[in-house]
Structures are given as structure tokens and as C-alpha cells.
Amino acid sequence: MAAAWERFIGHRVLPKAALVVLAASLVAAFVLVRSERRDAHNAGVLDTACGGVLSRDSVRGLLPGDETWELYADLDLTGPSGRGPRTLLRCSLDWGEGGGLDLAAVPVLDAPLSGVRAEDILSARNAKEPGWATAYRTATTQVTAACPAGLPGYPRAVTRFRVHASLFGADGSEQVRAAGELGEAVAAAANLVRDRGRCGGPAVEPSDVRPLPWPVAGGSEDPEEPGEMPPACRWFRPELLGGKDWGRGEPNHRGVTGDGADACSLMLRRAKTVTREDQTAVVTSVSWRGPLLPEVRTEYGAELAALSRDPGPETRRKRYRLAVWADASCSGARTLSRVTVDMAAASPAAARADGVLDAYLASSGCRAAKVLGKVWK
């Protein structure tokens with residue numbers, strides 16, 4: 001044994017080679033241990049962040065496996081909380097110099113209404129929203145999810161919430177191309193909020209998650225391209241006013257979609273006009289539901305009382321506006337709806353009002369509709 005050792009240490013190459021192998025083995029063991037600790041740490045971060053919805057499968061390919069992830073911020077207020085939080089879920093993971101993943105779920109809160117008339121509802125479109133409510137506009141991807149049963153803890157019904165996520169590379173630049181890969185994580189977060197809040201309704205699928213294709217300006221709840229019809233107005237077709245002459249250019253439109261009310265106002269121009277008063281027609285639609293209904297009946301009490309005894313339009317007026325009311329079940333909620341048709345002549349307004357109301361109710365999936373009556377304004 002001693003002779004073998006003497007031959008080994010006396011060899012010109014073997015001792016140095018052995019030292020190299022030993023050092024390499026120690027380095028490999030150190031790297032392996034460090035890698036295993038990093039993987040265990042990262043797995044623990046995923047188990048904790050955002051209620052544990054960030055599974056390895058949902059973030060595979062998004063987070064660098066050779067970096068240590070740190071949970072920078074974590075907040076989970078999903079489920080009954082006793083009060084309405086402005087943030088339901090939020091977490092931020094950081095790595096490297098500037099890499100990070102930010103994910104948040106926030107309620108969609110309607111701007112406070114100054115009243116229940118159409119103009120009051122439409123004016124809410126211009127209300128300035130806080131930063132936490134508009135962060136989705138600059139996120140890598142987002143989804144708006146329905147909560148038909150209402151999120152708990154709010155004084156007024158909150159039947160929608162939004163989940164958005166942003167991914168940043170090691171240099172701090174947003175990884176826009178990762179929007180599709182983020183879909184599973186965002187959908188998982190949305191379904192966690194739905195399940196804990198007992199929202200009901202269909203689950204959110206990764207295919208429902210998508211980036212906003214254009215910047216959103218103002219207080220509009222739904223993004224629209226310039227000139228595009230607002231969602232609250234998409235039920236309308238110019239043919240409802242009769243003939244093809246009510247379609248010159250794009251109609252002047254305003255629309256708002258909210259939890260308690262939807263409103264739309266459209267002004268159309270006639271292709272060929274006979275008089276100055278006859279060149280435009282105005283159609284307005286409003287629907288109210290939930291806690292707003294008692295206030296609507298108070299605000300419009302005189303008009304509702306006149307539905308059964310309206311004497312008809314006054315003669316020799318420059319404009320005639322006819323309001324039609326209906327009571328229906330729309331999307332499972334009792335709803336009061338009112339449409340008005342404003343034209344230069346009484347007879348075409350009267351002839352078209354019922355068709356306008358029918359189209360409006362049909363677009364909302366309303367059932368058991370009952371027309372309450374008409375009144376000239």
C-alpha cells in the first residue's frame with residue numbers, strides 16, 4: 001500500500017489530475033446543492049404568491065430557472081373580507097437586476113352616479129378613475145371576469161372584476177410577446193377570485209385572456225377604437241328608423257355599461273333633408289336594475305304615471321320625442337328599460353318606437369318583457 005502511494009505521488013501527472021477531478025467534483029456538488037436550494041426556494045415562492053395560483057405549469061417558460069425569485073409583495077383578500085377592498089389579489093415576483101412578474105385582481109367599480117337619468121349615467125363615462133383601477137390598460141395582458149352573484153363586502157353590487165399581469169425582462173423591459181403564455185396564470189387567478197367569492201357563472205379560460213389592442217382613454221369601461229360603437233349602443237341599426245336614408249356618416253354616439261345601469265345616446269343624420277329640423281334623429285336607451293330601481297320610479301314618477309293616459313303629441317311642434325317603457329327579466333335580473341325616439345315629425349317617431357324597443361330588449365337577452373306604455377315628451 002505504501003509502495004503504491006509512493007508511486008502515485010511520484011508520478012508526474014496523476015496527483016495534479018486527481019486534484020483537478022476533486023476540485024471539479026466539489027464545484028459540481030456545490031452547484032448542485034445551490035441549484036436544489038434555489039429550486040426549493042422558488043417552489044416555495046410559487047406556493048405562496050397570489051394564493052398559490054402560480055403553478056409551475058402556468059409559469060413554465062416565463063420565469064428564468066437559473067435565477068432566484070423573490071416575493072416582493074403579496075396580498076390576498078379574496079373571499080369574504082368584511083369590507084370592500086380595492087385590491088382583491090396582488091403579488092410581485094422579482095429576479096436579477098430588473099426582471100419581474102406583477103399580477104393583480106381588482107374590482108370593477110362604477111363611478112358614482114349623480115342621478116339616474118340618461119345624461120347622469122352618460123356623464124359617469126368622463127369620471128377620472130384611480131391608478132389602481134386603470135393599471136390594466138398598460139399591462140401585458142388582462143381579462144375582465146363576471147361575478148353574477150356579486151363580490152362580498154361592497155355597499156353596492158360589484159359584478160365584475162379584472163385581473164391583469166405584466167412580465168419584465170432582466171433589463172426591465174416589458175415582455176409583450178409573453179402575453180399568450182401569461183394567459184394560464186391570469187385565468188387561474190381569476191378563477192380563484194370567482195371560487196372564493198362564490199361568484200357563479202362560467203369559469204375563465206386562458207383563451208379569454210388577451211392584451212388590450214389599443215390605448216384606452218377617458219373613463220370608458222370597455223375599450224373602443226376611435227369611431228367604434230360603444231358596447232351599450234351596438235344593438236342599434238339605422239334601419240330601425242325606416243328606410244336607408246338614416247345613415248349618412250357615422251352616428252354621434254355615447255354609451256356607458258355599468259353594474260346598475262346601461263345608457264346610450266345616438267344622433268343620426270338624414271342623407272337628404274327637407275327642413276332644418278328634419279335633418280337629425282336622436283335615439284336614447286337606458287336600462288336600470290338592482291338598487292337603482294326605487295330611485296328610478298321616484299325620479300320618473302310623473303312620467304310613469306302618465307303612461308296610461310297620455311293624450312298624444314302636441315301639434316305644431318318643431319321636434320317630437322316619444323318615450324316607451326318596458327319591464328323585463330334581463331340576464332336574470334328584473335330590469336326597467338326606457339327608449340326615446342326624437343324626430344321632426346310625430347308619425348314616424350310613433351311608428352318606429354316599438355321596433356326600436358324590441359331591438360333593444362332582444363339584444364340584452366330579455367325575457368317576459370311587458371311594455372308599460374308610451375308618453376310624449
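Q: Given that two strands count as paired if DSSP finds at least two bridges between them, over how many bridges do strand β8 and strand β10 pair?
A: In this predicted model, β8, which covers residues 280-289, and β10, which covers residues 333-343, pair over eight bridges in the antiparallel sense. One of the residues to look at is Val-286, whose bridge partner in β10 is Arg-338.

Q: In what order do the strands of the open sheet lie?
A: The order is β6-β7-β8-β10-β9-β11, six strands with antiparallel pairing. At the edges are β6 (252-257) and β11 (366-376), each of which pairs on one side only, and from one strand to the next the twist averages 15°.

Q: How should I read a nonpolar core, and which residues have the most contacts inside the largest one?
A: In soluble globular proteins, nonpolar side chains tend to be buried together. Here the largest nonpolar core has 39 residues, and those with the most contacts inside it are Leu-54, Leu-63, Leu-93, Leu-103, Leu-151, Phe-161 and Val-163. Among the elements that give two or more residues to this core are α2 (14-48), β3 (99-107) and α6 (179-197), with α6 giving the most, eight residues. Apart from this core lies another, of 31 residues, including Met-229 and Tyr-320.

Q: Where is the pLDDT below 50?
A: Where pLDDT is low, the predicted coordinates should not be read in detail. The protein chain averages a pLDDT of 77, and 70% of the residues score at least 70, whereas over residues 214-226 the pLDDT is below 50, although this stretch has 28 contacts in the model beyond near neighbours in sequence.

Conventions. Residues are numbered from 1 along each chain as its sequence is written. This is a predicted model: local features need pLDDT of at least 70, side-chain atom pairs count only at pLDDT 80 or more; totals for chains, interfaces and linings use all residues. Side-chain values use heavy atoms; hydrogens and water are left out. A nonpolar core is a set of buried Ala, Val, Leu, Ile, Met, Phe, Trp, Tyr and Cys residues joined through side-chain atoms within 4.5 Å. Buried means under 20% relative accessible area, exposed over 50%, partly exposed in between (1.4 Å probe, protein chains only). Helices (H or I, at least four residues) and strands (E, at least two) are DSSP runs, numbered from the N terminus. pLDDT is the predictor's confidence in each residue, from 0 to 100. Contact means heavy atoms within 4.5 Å. Two strands pair if DSSP finds at least two bridges between them. Axes are lines fitted to C-alpha atoms, for helices over the stretch in contact, and angles run from 0 to 180 degrees between N-to-C directions.
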